[in-house]
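Q: Could you take me through one part of this protein up close, and then show me how other parts of the structure compare with what you find there? I am new to reading structures, so please go step by step.

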Amino acid sequence: MKRLYLTLTIISILFWLAFALTPKGVFSENENRYLASFPKLTQKTITDGSFTEGLTDFITDGFPFRDFFMGLNTGYNKYVLKKTEINGIYFAADDYYIEKYSDPDNTEEITERLNAFFEKISNTQSFLALAPTAVTIYADKLPLYAEEASQTDEISKYYSEKSAKTVDLYTPLSQNTGEKLFYRLDHHWTTTGAYYAYAAIAEKMGLTPLEKSQCELTTVTEDFRGTIFSKLNMNNLKGESIEILKTDEPLTVYYNDTDTTADTLYNLDYTAQKDKYSLFLDNIHPLIEITCPEAETDRTLAVVKDSYANCLIPFLTKHFQKIYVFDPRYYKGSISDFINENQVSDVLVLYNMNTIDNDLGIRAIY
């Protein structure tokens, strides 16, 4: 018995020593976020419960060898317990890992914000495109008895009684499921998936979209492990490729927040980092101005978007002389005022259905 107590004591000491030596409050490249720091201890934080909540996050984030044990737990659940889902991720067919979709809570509120936004820019041609995700397009790959709310039903709710023109993205995606439209280890669509969405959007805008055969895609990395991988941490999962569209038109890309200019829509430095998807449009910027002097029209476009639009925008540069790209989470001005003051001819609002319900940007859209 004494030996058992001694062993447990040594294990406990080693654990807390490892915990003490594990960096806290630092940026986790794997999860693309900052880990929790020790919470402030005040009468207020104790009374409102935020200290206890923060302490739990601090201990969870600071757990020694956290990524390793998360991966071990995922593997145990998948291969030993034969579970079909963990951490909100389905273990789907053909080595896909697909995010669950739950009934949204804020459809009515977001619909009101969208209506107010479109009303304020009534002199522009406005288009609303909501993208179903892999859980809908690859529904046949989901495990048996997977319970899902309907993204198509929610899209219909958003599209009803809109002053903007709405774009059906479900049909072109669902008609091309033989191609790789979504990443296996990330929640985004691939550049191929973005192409089919672009073609539908362009047609709705009265443009002639590029034929797929005209689109030259180049692989820039073959080791992409995205947001879904970060929830699983199964290091035996092979990375996948990211492709970019080669654009021949000369471009000037101005990043308003950093006051810098580039001649490309891609920052390939990100291929050496965990967050490889951020190579599209150089990650996050409140406002990007893309000038396309050889565009086939003199129209201007404002894109109000989440990150699904980042790999789609290169397809649009052929058609518009100027494209303004807004991330409303970070843009502090009024997007509608900007559109009106600059006499923008076309506006595209593009979001994906898996994150729109909790996206803070779309609630501040106008």
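Predicted model: local features only at pLDDT ≥ 70, side-chain atom pairs only at ≥ 80, totals over all residues.

A: Happy to! The chain has 366 residues, and 50% of them count as buried. If you take the contacts with a separation of 6 or more, 70% of them join residues 24 or more positions apart.

Now for the close look, at helix 5. This helix runs over residues 107-120, which makes 14 residues. From the first C-alpha to the last, helix 5 reaches 20 Å, close to the 20 Å expected at 1.5 Å a residue.

Which residues of helix 5 are buried? They are Thr107, Ile110, Thr111, Leu114, Phe117 and Phe118. These residues lie on the same side of helix 5, because they cover an arc of only 125 degrees around the axis.

On the buried side, the cover comes from several elements, including strand 6 (125-131) and helix 7 (151-159). Strand 13 (300-305), helix 12 (335-341) and strand 15 (346-352) are also among the elements that cover these buried residues.

Glu240 is found in strand 9, residues 240-245. Is Glu240 buried or exposed? Its relative accessible area is 4%, under the 20% cut-off, so Glu240 counts as buried. Leaving out residues up to four places away in sequence, Glu240 touches Lys180, Tyr183, Arg184, Leu185, Asp186, Thr221, Glu222, Asp223 and Phe224. One of these, Arg184, is 56 residues apart from Glu240 along the chain, yet their C-alpha atoms are separated by 7.9 Å.

The second residue is Thr227, found in helix 10 (residues 227-232). Thr227 has 33% relative accessibility and therefore counts as partly exposed. Setting aside neighbours within four places in sequence, Thr227 is in contact with Leu185, Asp186 and His187. The C-alpha atoms of Thr227 and Asp275 are separated by 8.6 Å, and these two residues are 48 residues apart along the chain.

Finally, let's turn to the empty spaces. Rolling a probe the size of a water molecule over the atoms shows where empty space is left. The structure holds one cavity of 30 Å³ or more, and about 90 Å³ of space lies in the largest cavity. This cavity is lined by 14 residues, and Ile98, Glu99, Thr133, Ala134 and His187 lie nearest its centre. Strand 5 (97-99) and helix 6 (134-137) are the elements that give two or more residues to the lining. Strand 5 provides the largest share, three residues. By type, the lining of the largest cavity divides into eight nonpolar, four polar and two charged residues.

Methods:
Residues numbered from 1 in each chain as written. Heavy atoms only, no water. Helix = DSSP H or I, 4+ residues; strand = E, 2+ residues; numbered from the N terminus. Expected span 1.5 Å × (residues − 1). Buried < 20%, exposed > 50% of the residue type's maximum accessible area, 1.4 Å probe, protein only. Arc of directions from axis to C-beta. Contact = heavy atoms within 4.5 Å. 1 Å grid on protein atoms, 1.4 Å probe; cavity = no way out; pocket = protein on both sides within 12 Å on 5 of 7 lines; lining within 4 Å. Points joined across faces, edges and corners; volume = space filled by probe spheres on them. Nonpolar A, V, L, I, M, F, W, Y, C, P; charged D, E, K, R; others polar.
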